[in-house]
Structure formats: structure tokens, C-alpha cells
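User: Could you walk me through how to read the features of a protein model, one at a time?

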Amino acid sequence: MNVMVFDIETVPDVEGGRRVYGLDGLSDVDVAQAMYQLRMAKTGGDFLAHHLHRIVAISVVFRHADQLKVWSLGDLDSDESELLRRFFDGLDRYTPTLVSWNGGGFDLPVIHYRALRHGVPAPRYWEVGDDDREFRFNNYLNRFHWLHTDLMDVLSGYQGRAVAPLDEVATLLGLPGKMGMSGAKVWDAYQAGDLAGIRDYCETDVLNTYLVYLRFEYLRGHLGAEAYAAEQARVRDLLGTAEAAHLQEFLKAWDANGAD
């Protein structure tokens, strides 16, 4: 397997909000509040447009050769451009299958805008067959190709009315689901200085996504019953030897739920 499951966590891009809406002189908190109110007035909801999010965490599960790792890119002091560079460096080096839950609808469009904002090149990611013919038939950008597998999109049959939240699907499968916080609480946690907690939460999300992906690969026949059980055991071994409390808690919740 050569797979990279990813998830991002974001906060309002208050610098961008000041530029777009002319909000100079306001504090970050007040700018964010104004952005939410303007969005509410325009759409009836306060979820910001993709280009007005700023990435504060990118977490991945990476399965390559005999490796299985879960971590958040960069460190607590890494800025957004560094997180993006590390993300694209992994694609350039390994060309893995990217796996996400709603990555096509949210994560990747946000990554596109933020890479544009910071000028982060990613030729392998943007390749569609002009330089590498193989990418004509399987690339990261085509919704119906497998090099980026958006599980939410695929499992819903590409029907918006059939999409389901990761938390509920994971829970149905006996997985831990959301742990620690939710995406709606990230801005509050960020204001409180809890970037470590945000990264931990993001890592549990990619673990849920990876375990759903293993089940999906079993359904597709890409993993037989023994291989599927072996891959699940590999995840348990990783978590069982982890020192981080949130990973230990994930394993305990998984065991308590009695997932297959």
C-alpha cells in the first residue's frame, strides 16, 4: 500500500478578512466575528467561504512499504506555508493515493487557495498528463479518478443528498468517531492557544478515515479477509506502542466499541 490519508483544521483568515472586507483597525476576534456575520447575511450560515480559511494543522496517516505512521506535519511553530510545503513534498516524493473524507469538497480547495496565497509550487499534484502520460488516466484533480479517493464522495455515489458525516459513519462501524472536539470548536481552541489539542484532534480524524478506507478496500476486493485483519492489527500495534495520550485513548475507545 502507498496511501496518505489527510485532514486539515482551519481558522478564519483574519488577515484576508481585513483585506477583502476593509476591516482595518479591528482585533482578530472582532474581524472573525464580522466575517461570520457577513457570511451569515449572505448565505444563512456562518461557515466561511473556502478562500477565507487559514490552515493551522494538517494531519496524515501514511502507509508505505512496511511503514505506518500518524502525525501532524511540521511542529507547533510551523507557519501555514511550511505545512503546505511538507504536504506537497510528500506527494512529490511518493505519489501516494490521497484519501480523505470530503477532501474534494473542502480540504483540497482550501489547500489550493492557501498554496496560491503563499506561492507554494506542487508540480506533481497539478499534473494531469501533460508531462507524465500516466496522469491522464489517474490524477489528483479528477473527481472520478482514484489517486485522490474522497470516501464521502465515493460512498455517497457522488450524490450530495446521500453524504454522511465521518463521525456517524465511523460510529456505525464501531470506531471511536470524533474525539476531543469538533471542527466548530477549532477557532475557540486556537484562540485559547491549544494548537496541540487541535493537532491531536486532527490525528484522530485521520485514524477514523484510514480505518474506514481499509473497510472500503476490503469491499472493493483490494484486501482479502486476512490482509484486512492484518492491516487493522498493524494500526492497533501502532497505537499500542504510542506514547501520546490521544492515541492511547483512541485505541481504548476502539476496543470498547468492539469494532470488527
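User: What should I keep in mind about the source of the values?

Analyst: This is a predicted model, in which local features need pLDDT of at least 70, side-chain atom pairs count only at pLDDT 80 or more, and totals for chains, interfaces and linings use all residues. Residues are numbered from 1 along each chain as its sequence is written, and side-chain values use heavy atoms, with hydrogens and water left out.

User: Let's start with charges. How many salt bridges are there?

Analyst: The general idea comes first. Side chains of opposite charge can pair when their charged atoms come close. A salt bridge here is a side-chain nitrogen of Lys or Arg within 4 Å of a carboxyl oxygen of Asp or Glu. By this rule the model has 13 salt bridges. One of them joins the side chains of Arg-117 and Glu-15, at 3.1 Å from N to O. That pair links distant parts of the chain, with Arg-117 in helix α4 and Glu-15 in helix α1, 102 residues apart. Helices (H or I, at least four residues) and strands (E, at least two) are DSSP runs, numbered from the N terminus.

User: Which residue does Asp-28 meet in a salt bridge?

Analyst: The partner is Arg-18, at 2.7 Å from N to O. Asp-28 lies in helix α2 (residues 28-43) and Arg-18 in helix α1, so this pair ties together parts that are ten residues apart in sequence. Asp-28 is partly exposed, with a relative accessible area of 39%, and Arg-18 is partly exposed with 21%.

User: And how do I read a salt bridge inside one helix?

Analyst: Start with the geometry. An α-helix has 3.6 residues a turn, so residues three or four places apart point the same way. In this model, the side chains of Glu-231 and Arg-234 meet in a salt bridge of 3.7 Å, N to O. Glu-231 and Arg-234 are separated by about one helical turn because they are three residues apart in helix α10 (residues 225-240). Glu-231 counts as buried at 9% relative accessibility, whereas Arg-234 is partly exposed at 28%.

User: Which residues does Glu-231 touch, not counting residues up to four places away in sequence?

Analyst: Contact means heavy atoms within 4.5 Å. With those residues left out, Glu-231 touches Met-1, Arg-63, Tyr-210, Leu-214 and Leu-223.

User: Which residues are linked in a network of salt bridges?

Analyst: Asp-13, Glu-80 and Arg-114 are linked in such a network. Arg-114 is also among the buried residues of α4, a group including Gly-103, Phe-106, Leu-108 and Ile-111.

User: What do the buried residues of α4 pack against?

Analyst: They pack against β1 (2-12), β2 (53-64), α3 (80-94), β4, α5 (123-126) and β5.

User: Can we look at a residue in β5?

Analyst: Take His-148, in strand β5 (residues 148-150). At 7% relative accessibility, His-148 counts as buried. A polar contact is a pair of N or O atoms within 3.5 Å; within protein, one must be able to donate a hydrogen and the other to accept it, and residues adjacent in sequence count only if both atoms are side-chain atoms. The side chain of His-148 makes one with the side chain of Ser-100, at 2.7 Å. Leaving aside neighbours within four places in sequence, the residues in contact with His-148 include Phe-6, Leu-98, Gly-103, Leu-108 and Tyr-140.

User: Now the backbone. Where is Asn-102?

Analyst: Asn-102 sits in the loop between β4 (97-100) and α4 (103-118). Phi of Asn-102 is near 70°, a positive value in a residue other than glycine. Tyr-158, also a residue other than glycine, has a positive phi near 65° and lies in the loop between α6 (151-155) and α7 (166-172). After α4 comes Gly-119, with a positive phi near 70°.

User: Last one: which residues form the nonpolar patch on the surface?

Analyst: Patches are made of residues with over 30% relative accessible area and no salt bridge, where like charges are joined within 9 Å and nonpolar side chains (Val, Leu, Ile, Met, Phe, Trp, Tyr) within 5 Å. Accessible areas come from the Shrake-Rupley method with a 1.4 Å probe, and for residues only the protein chains shown count as cover. Here Val-20, Tyr-21 and Leu-38 form the patch, with about 260 Å² of accessible area together. Val-20 is in helix α1 (residues 14-21).

Note on methods. Buried means under 20% relative accessible area, exposed over 50%, partly exposed in between (1.4 Å probe, protein chains only).
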